[in-house]
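Reader: I would like to go through this model term by term. Please set each value against its definition.

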Amino acid sequence: MNYWLMKSEPEVYGIADLERDRTTIWDGVRNYQARNFLRSMASGDRAFFYHSNASPPGIIGLMQVVETDLVDPSQFDASSHYYDPKSTPEKPRWQTVEVEFIERFPSLISLDTLRQNFSPDDLWVVRQGNRLSVMPIEIPVAEKILAMAR
DNA sequence: GCCAACGTTGGC
DNA sequence: GCCAACGTTGGC
């Protein structure tokens, strides 16, 4: 089992939305490096839910990957913010996964706290200028985050 | 709202 | 294939 970190803006889709929906298709990723990480996910992998563009930003919960290699439906929807006119159903560009809510942490682990506990090499989200919205997390780092969450 | 970081696009 | 222009992300 691998661990990941996935970002979403709480104003767009936050942990409260996932807790209500229980599962969701993680659509809208339009960065190739992030997409490649989505493609390499396996059922049963776990992902930290990171609230970006929040005050403060940080890790707020945990979810589980339940379906992999899904074609992101929003790429074909002309009315969607995530519409990609260069993508076709025959040759879709963007794949994603379905995730399931596991837990919301009792309190958010802020980006500031993450910076105090991890180096940029161990946890990419604390790298300056980092814009990647899906990233892998090494197991020892994930376990430390889980310990901090409780 | 600002703006640094940085990925993408397109002319050449 | 280079790289300037442009658009987006995301912390602050």
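Author: Start with the pocket: on a 1 Å grid over the protein atoms alone, a pocket is an open set of points where a 1.4 Å probe fits, with protein on both sides within 12 Å along at least five of seven lines, and lining residues have an atom within 4 Å of a point. By that rule the largest pocket is lined by 20 residues, with Lys7, Ser8, Gly28, Tyr82 and Ser133 nearest its centre. The model is predicted: local features need pLDDT of at least 70, side-chain atom pairs count only at pLDDT 80 or more, and totals for chains, interfaces and linings use all residues. Residues are numbered from 1 along each chain as written, chains are lettered from A and ligands numbered from 1 in the order written, and side-chain values use heavy atoms, without hydrogens and water.

Reader: What makes Arg20 and Asp17 a salt bridge?

Author: A salt bridge needs a side-chain nitrogen of Lys or Arg within 4 Å of a carboxyl oxygen of Asp or Glu. Arg20 and Asp17 meet at 3.1 Å, N to O. So the pair qualifies. The two are 3 residues apart in helix H2 (residues 15–21), about one helical turn.

Reader: Which residues are linked with Arg20 in a network of salt bridges?

Author: Asp17 and Asp21 are linked with Arg20 in that network. For Arg20 and Asp21, the closest N and O atoms are 2.8 Å apart.

Reader: Why is Asp17 called buried, and Arg20 exposed?

Author: Buried means under 20% relative accessible area, exposed over 50%, and partly exposed in between (1.4 Å probe, protein chains only). Asp17 has 18%, so Asp17 is buried. Arg20 has 56%, so Arg20 is exposed. Asp21, at 32%, is partly exposed.

Reader: How do you know that Asp84 and Arg93 form a salt bridge?

Author: Their side chains meet at 3.4 Å, N to O. That is within the cut-off, so the pair counts. Asp84 is buried at 9%, while Arg93 is partly exposed at 27%.

Reader: What makes Gln128 a polar contact of DNA strand B?

Author: A polar contact is a pair of N or O atoms within 3.5 Å; within protein, one must be able to donate a hydrogen and the other to accept it, and residues adjacent in sequence count only if both atoms are side-chain atoms. A polar backbone atom of Gln128 is 3.4 Å from a phosphate oxygen of DNA strand B.

Definitions and conventions
Helices (H or I, at least four residues) and strands (E, at least two) are DSSP runs, numbered from the N terminus.
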